[in-house]
Amino acid sequence: MNHAEGHPGAPGGRAAGTPAAGAGAAGRDDGRGRATVLVVEDEPSIADVLAIALRYHHFDVMTAGTVREALATTARTRPDCALLDVMLPDGDGRALGQELRTRMPDLALVFLTARDAPAEVVGALGFGDDYITKPFNIDEVVARIGAVLRRVRPHDVLPQRPPLRYGDLELDETTYVVRREGGTVQLTPTEYALLRFLVRNGGRVVPKEQLLRHVWNIEHSAESTVVETYISYLRRKLDQVGPPLITTRRGVGYGLA
């Protein structure tokens, strides 16, 4: 079964010579080199569609059909992002993602999965940066990879910018380093994006729906527990170096104390 929408010769369902709005810029940067995406998918037709679409949008692409091939490929060339099918012939894509993240801590991880149960999604996002359910739209895949890479590779899109501050909290918008009370707090790219959105909104309570939309690009998913899960991750890390910072307005959303 083909889980991708669109034709291999026409990314996103368009003719190959007709780019989508903004097409052609997703994989470019400021001269430091194009972003490289590793696609790990065991169905050749889907892997081909993804590879063609990503190259069309100016990404460099490597492909693998198994866990073993992916590990061998990344031993030779270091990707910036890995797009991983969760169900692979010789293993679990999530376990592969954990192994790749151990080897390359700054690697962006995006999961492809036919499973959309909340427990599956939360499990994948526990250490990954995004997930995409099958069937998927090619334009959405490209957009999500671009969004994740903008968080992981801030030097490509963010020149020197002043840090964001809230109380004893400081977010370096150039290096994505978070400091609190003189100590450094290690956050994943998604955790950073969530904290940054809360900081930018200061003392206001941000509804869960807005967090889903701005951090994960998810619309109308009130049943999702992703926000609660990542708020828990942030609290655990931030509260180790200072007093409780994130507040909950039950039934509404979250803010900063």
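**A walk from Arg68 to the cores**

Start by selecting Arg68, which is exposed, with a relative accessible area of 70% (exposed means over 50%, buried under 20%, partly exposed in between, with a 1.4 Å probe and protein chains only). You are in a predicted model, where local features need pLDDT of at least 70, side-chain atom pairs count only at pLDDT 80 or more, and totals for chains, interfaces and linings use all residues. Residues are numbered from 1 along each chain as its sequence is written, and side-chain values use heavy atoms, leaving out hydrogens and water.

Arg68 sits in helix α2, residues 67-76.

Zoom out to the whole chain, with its nine helices and 16 strands (DSSP runs numbered from the N terminus: H or I of at least four residues for helices, E of at least two for strands). Of its 257 residues, 51% are buried.

Next, select helix α9, residues 226-238. Buried residues in α9 include Val226, Tyr230, Tyr233 and Leu238.

Finally, show Leu195 and Trp216, which touch the most other members of the largest nonpolar core, a set of 48 residues. Apart from it lies another core of 24 residues, including Ala35, Ala108, Ile138 and Val148. Such a core joins buried Ala, Val, Leu, Ile, Met, Phe, Trp, Tyr and Cys residues through side-chain atoms within 4.5 Å.
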